[in-house]
Amino acid sequence: MPSQPEPATPPGRRRKVLLHPLLVTLPIGCWVASAVFDVASRSAGRPAEFTAASTWLVAIGLLAAVVAGLAGFVESLPIPVGTVAHRRFVVHLMLAGAVIVLYMLDYLMRLGAPPDRPVPAGLLVFSLVNAAVLVVTMGTGAAIRAASR
C-alpha cells in the first residue's frame, strides 16, 4: 500500500498570504507609469494625452496607496516592538508616508499645470525624484520581510 506523501510544509507552519505586498503593486505601477508618461509627454507628438494620463495615474496611485498602506499597517501589528523587524517597519512607514505626501504634492502641482502641453521640466524632475524615493521605500519594505523570518 503506497503511503501518502507528506506536505511540503507541516500544517501548523504554513505561511499566510500577506495582502500588502500584493496591493502595493498598483500604486507602484501607476507612479512608475506616470513618470514614463511624463517623459513621453515631452518627446511625443501628442503631449496632452500623456499629460492627462500621467495625472490620472498619480491620482489612482494615491487612492491605491491608502488601501495598501492600511493593509500593511494591519499586517505589521504582530511584529514585536524592539526587534530589528519593528525598527525597519518604522523606517518603511515613515518613508511610505513621505512618498504619499510627495505624490499628493505632485498631483496638486499637476492640477495647476496646463493640461494641453508637455509636463513642465520642473514637474518632470519632481516626478523622477519621487520615483527614486519610491524605490528606496520598496527596499525598506523588502528588508522588513527578511528580518521577520
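This is a predicted model: local features need pLDDT of at least 70, side-chain atom pairs count only at pLDDT 80 or more; totals for chains, interfaces and linings use all residues.
**Entry 1: α3 against α4**

I looked up how helix α3, residues 47-76, sits against helix α4, residues 84-112. The two pack at an angle of about 160 degrees, and their axes are 10 Å apart. Angles over 145 degrees count as roughly antiparallel, and α3 and α4 are therefore roughly antiparallel to each other. I also looked up the hand of the crossing, and for α3 and α4 it is left-handed.

Next I listed the residues that make this contact. From α3 I noted Ser-54, Thr-55, Val-58, Ala-59, Leu-62, Ala-65, Phe-73 and Ser-76. From α4 I noted Phe-89, Ile-100, Tyr-103, Met-104, Asp-106, Tyr-107 and Arg-110. Sorted by class, the contact of α3 with α4 has 10 nonpolar, 3 polar and 2 charged residues.

**Entry 2: aromatic pairs**

How many aromatic pairs does a search of the whole structure find? I got 2.

Trp-31 lies in helix α2, residues 25-43, and Tyr-103 in helix α4, so the pair ties together parts that are 72 residues apart in sequence. Tyr-103 is also on my list of α4 residues in the contact with α3.

Are the two residues of this pair buried or exposed? Trp-31 has a relative accessible area of 2% and is buried. Tyr-103 has 0% relative accessibility and counts as buried.

I then took the pair of Phe-37 and Phe-50. Their ring centres are 5.5 Å apart and their planes stand at 80 degrees, so this pair is edge-to-face. Phe-37 lies in α2 and Phe-50 in α3, so the pair ties together parts that are 13 residues apart in sequence. For accessibility, I noted Phe-37 as partly exposed, with a relative accessible area of 27%. Phe-50 is partly exposed, with a relative accessible area of 26%.

**Entry 3: Val-67**

I looked up where Val-67 lies, and found it in helix α3. Its relative accessible area is 47%. Exposed means over 50% and buried under 20%, so I put Val-67 down as partly exposed.

I also checked Val-67 against Pro-27. They are 40 residues apart in sequence. In space, the distance from C-alpha to C-alpha is 9.7 Å.

Methods. Residues are numbered from 1 along each chain as its sequence is written. Side-chain values use heavy atoms; hydrogens and water are left out. Axes are lines fitted to C-alpha atoms, for helices over the stretch in contact, and angles run from 0 to 180 degrees between N-to-C directions. Helices (H or I, at least four residues) and strands (E, at least two) are DSSP runs, numbered from the N terminus. Angles under 35 degrees count as roughly parallel, over 145 as roughly antiparallel, 65 to 115 as roughly perpendicular and the rest as oblique. A crossing is left-handed if the near helix is turned anticlockwise from the far one by less than a right angle, and right-handed if clockwise. Contact means heavy atoms within 4.5 Å. Ala, Val, Leu, Ile, Met, Phe, Trp, Tyr, Cys and Pro count as nonpolar, Asp, Glu, Lys and Arg as charged, and the others, Gly among them, as polar. Rings of Phe, Tyr and Trp (its six-membered ring) pair if their centres lie within 6.5 Å; planes under 30 degrees apart count as stacked, over 60 as edge-to-face and the rest as tilted. Buried means under 20% relative accessible area, exposed over 50%, partly exposed in between (1.4 Å probe, protein chains only).
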